[in-house]
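Sequence and model are shown first.

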Amino acid sequence: MAISTIRKLTTQIHRLPPLSSHILTRSSATLSTSKKVSDRIVKLFAIDPEGQKREVVGLAGQSLLRALTNCGLIDPASHRLEDIDACSAECEVNIAQEWLERLPPRTYDEEYVLVRNSRGRILNKHSRLGCQVVLSPQLQGMVVAVPEPKPWDIP
């Protein structure tokens, strides 16, 4: 009985595909995943407080704030990323006119935070919170201006 079981197992093992095909399938799946990440790249431009145009690279689905933070234009310690309830409007940016129509309108919460933190200055239609702008392929090449830190925020 033990010999017949061993024979059955041996025939089943020989029927399995070679291990190398599993390795090739796994590595090609990894390559295709990497390609998909590159398809998600969104390049845009930010005008820093000194007036220099800087290229910013983000990923589709990521917030504009995250992309600006990753390239050092916004201090990550000054904002709780993507949490509008804790927002201090430190991620406020100005969007170039030709890109405004490609963005969804401000939400009530975003409008409230911008008005609350305007401190008497006139709020313009270009003002958006970077934490509320979600990058997409349609925003490839967008131009934003990162304002100087507000006077009450400078240490």
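## Charged pairs

Glu111 has a relative accessible area of 30% and is therefore partly exposed, where buried means under 20% relative accessible area, exposed over 50%, and partly exposed in between (1.4 Å probe, protein chains only). The model is predicted, with residues numbered from 1 along each chain as its sequence is written; local features need pLDDT of at least 70 and side-chain atom pairs count only at pLDDT 80 or more, while totals for chains, interfaces and linings use all residues. Side-chain values use heavy atoms, with hydrogens and water left out.

The partner of Glu111 is Arg106, and the closest N and O atoms of this salt bridge are 3.0 Å apart. Arg106 is likewise partly exposed, because its relative accessibility is 21%. A salt bridge here is a side-chain nitrogen of Lys or Arg within 4 Å of a carboxyl oxygen of Asp or Glu. Side chains of opposite charge can pair when their charged atoms come close.

Across the whole structure, the search finds two salt bridges. The other one joins the side chains of Arg128 and Glu110, at 2.9 Å from N to O. Arg128 belongs to strand S4 and Glu110 to helix H5, so this pair ties together parts that are 18 residues apart in sequence. Helices (H or I, at least four residues) and strands (E, at least two) are DSSP runs, numbered from the N terminus. Arg128 is buried, with a relative accessible area of 4%, and Glu110 is buried at 1% relative accessibility.

A charge is also found over an aromatic ring: Lys53 lies over the face of Phe45, at 4.7 Å from the ring centre. The criterion is that NZ of Lys or CZ of Arg is within 6 Å of the ring centre and within 35 degrees of the ring normal.

## Overall architecture

The protein chain contains five helices and five strands, in the order α-α-β-β-α-β-α-α-β-β along the sequence. Of its 155 residues, 30% are buried. Contact means heavy atoms within 4.5 Å; among contacts between residues at least 6 apart in sequence, 63% join residues at least 24 apart.

## The nonpolar core

The largest nonpolar core has 29 residues, and those with the most contacts inside it are Leu44, Leu64, Leu68, Ile95, Met142 and Val144. Such a core is a set of buried Ala, Val, Leu, Ile, Met, Phe, Trp, Tyr and Cys residues joined through side-chain atoms within 4.5 Å. At least two residues of this core come from each of strand S1 (41-47), helix H3 (64-70), strand S3 (92-95), helix H4 (97-100) and helix H5 (108-116). Helix H3 supplies the largest share, four residues. Beyond residues up to four places away in sequence, Leu44 touches Arg54, Glu55, Val56, Leu64, Leu135, Leu139, Gly141, Met142 and Val144.

Ser127 lies in strand S4 (residues 127-129) and is buried at 1% relative accessibility. Its side chain makes a polar contact with the side chain of Asn94 at 3.3 Å. A polar contact is a pair of N or O atoms within 3.5 Å; within protein, one must be able to donate a hydrogen and the other to accept it, and residues adjacent in sequence count only if both atoms are side-chain atoms. Leaving aside neighbours within four places in sequence, Ser127 is in contact with Glu92, Val93, Asn94, Arg106 and Leu114.

Leu114, in helix H5, is buried at 0% relative accessibility.

## Pairs separated in sequence

The table lists residue pairs by separation in sequence and by C-alpha to C-alpha distance.

| Pair | Separation in sequence | C-alpha to C-alpha distance |
|---|---|---|
| Ala60 and Val134 | 74 residues | 7.4 Å |
| Val133 and Gln62 | 71 residues | 8.5 Å |
| Leu114 and Ser127 | 13 residues | 7.8 Å |

Ala60 is located in the loop between strand S2 (53-59) and H3 and is buried, with a relative accessible area of 16%. Not counting residues up to four places away in sequence, Ala60 touches Arg40, Val42, Leu135, Ser136 and Pro137. Val133 occupies the loop between S4 and strand S5 (143-145) and is buried, with a relative accessible area of 1%. Neighbours within four places in sequence aside, the contacts of Val133 include Gln62, Leu64 and Arg128.
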